[in-house]
Amino acid sequence: MTWSPLACGLITGKYSDGVPDCSRASMKGYQWLKERVHSEEGRRQLAKIKELHLVADRLGCTAAQLAIAWCLRSEGVSSVLLGVSNTDQLLENLGALRILSQMTPQTVGEIDALLGNKPHSKKESRA
């Protein structure tokens, strides 16, 4: 089971222009997330996420749907734990199911190369 497939909301693009007042990163107890967004590593991640949005646009989906579909198609993943705040977010996230068929080896390879975090398969981890 995967958790936080949207990287605490980073993949949605909500932090592209800083930390919105109504976001999780602005809440008490989430200072670590705010610091992550403003860090050098956070800026590198946000740049990759902008490119991920371009892939999602090309496939006709949101970056959130693309990220969830990427997780679902992964070997050994039986489910993806979603954390939504409202019905609209849930419906958007469930839209990932309609693009699973577009997760071809070529598309997955493009995403893996962009993010640089390709998961190891069970066969690779034994080697």
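The end C-alpha atoms of residues 1–114 lie 23 Å apart, and this span is 49% helix and 4% strand, where helices (H or I, at least four residues) and strands (E, at least two) are DSSP runs numbered from the N terminus. This is a predicted model, in which local features need pLDDT of at least 70 and side-chain atom pairs count only at pLDDT 80 or more, while totals for chains, interfaces and linings use all residues. Residues are numbered from 1 along each chain as its sequence is written, and side-chain values use heavy atoms, with hydrogens and water left out.

**Annotation**
- The unreviewed UniProt entry annotates residues 1–114 as "domain: NADP-dependent oxidoreductase"; such annotations may be inferred rather than shown by experiment.

**Cysteines**
- A search of the whole structure finds 0 disulfides, a disulfide being a pair of cysteine sulfur atoms within 2.5 Å.
- Cys61 has its closest cysteine sulfur in Cys71, 13 Å away, which is too far for a bond.
- Cys71 is likewise in no disulfide, and the cysteine sulfur nearest to that of Cys71 belongs to Cys8, 13 Å away.
- Cys61 is buried at 8% relative accessibility, and Cys71 is also buried, at 8% (buried means under 20% relative accessible area, exposed over 50%, and partly exposed in between, with a 1.4 Å probe and protein chains only).

**Nonpolar surface**
- Val84, Leu90, Leu91, Leu94, Leu97 and Leu100 make a nonpolar surface patch of about 490 Å², patches being made of residues with over 30% relative accessible area and no salt bridge, with like charges joined within 9 Å and nonpolar side chains (Val, Leu, Ile, Met, Phe, Trp, Tyr) within 5 Å.
- Val84 sits in the loop between strand E2 (80–81) and helix H4 (87–94), and Val84 counts as partly exposed because its relative accessibility is 34%.

Note on methods:
Accessible areas come from the Shrake-Rupley method with a 1.4 Å probe; for residues, only the protein chains shown count as cover. A salt bridge is a side-chain nitrogen of Lys or Arg within 4 Å of a carboxyl oxygen of Asp or Glu.
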